[in-house]
Amino acid sequence: MSRIGKKPVDVPSGVTAAVDGQDVKVKGPKGELAFRVHDEVVVEFKDGKVSVQPRDETKGARSKWGMSRTMVSNLVEGVTKGFEKKLEINGVGYRAAVQGKDLVLALGYSHDIKYPIPEGIDIKCAKPTEILVSGIDKQRVGQVAAEIREFRGPEPYKGKGVKYAGEFIFRKEGKKK
């Protein structure tokens, strides 16, 4: 039984939510998002709350119940507060900078990496070793952060590379004589 799915999603003031069949649309101060809920789940909006229920008691419907509720919750949170991921760069000469609509990364390769910033995503570099990825869509923010990290993931010996803020890198001991 889903414990997350039972709880209805509160829609705060200043945010409008509309449920049209299986489509949920949320509009708020930061923008507008939409999500199509799976057919095995029923969504309804009343009294300023969006509630999600499984259509029947099959295993598939119950497994999609909590995920659907979380997706609707992420829509509401995205248009009110937004989401952000922080990346840290470790390594001598490793740095990042935003130039126009590109993120330019110097990660120890023979060339700089130019990453075009996608539509709806905002990237800031307060320091040359910090990258802040923000936006209203949680999935896209996470995907962009993962793509940036993929250019040079952290290595286990010296910890050089791009990592998430607060991420623990398992360190290995080097060779012994």
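Colleague: What do the buried residues of H3 pack against?
Modeller: They pack against strands S7 (83-90), S9 (102-106), S10 (113-116), S11 (121-124), S12 (130-135) and S13 (161-164). Contact means heavy atoms within 4.5 Å. Strands are DSSP runs of E, at least two residues; helices are H or I, at least four; numbering is from the N terminus.
Colleague: Is this predicted or what? Ground rules, please.
Modeller: This is a predicted model: local features need pLDDT of at least 70, side-chain atom pairs pLDDT 80 or more, while totals for chains, interfaces and linings use all residues. Residues count from 1 along each chain as its sequence is written, and side-chain values use heavy atoms, without hydrogens and water.
Colleague: Which residues of H3 are buried?
Modeller: Val141, Val144, Ala145 and Ile148. They sit on the same side of H3, because they cover an arc of only 100° around the axis. That arc takes the directions from the helix axis to the C-beta atoms. Buried means under 20% relative accessible area, exposed over 50%, partly exposed in between (1.4 Å probe, protein chains only).
Colleague: And which exposed residues are on the face turned away?
Modeller: Gln139 and Glu150.
Colleague: New topic. Where is Arg69?
Modeller: Arg69 is in helix H2 (residues 59-80). Arg69 is buried, yet has no salt bridge (Lys or Arg side-chain nitrogen within 4 Å of an Asp or Glu carboxyl oxygen).
Colleague: How far is the nearest side chain of opposite charge?
Modeller: That is Asp10, 7.2 Å away. Lys and Arg count as positive, Asp and Glu as negative; His and chain ends are not counted.
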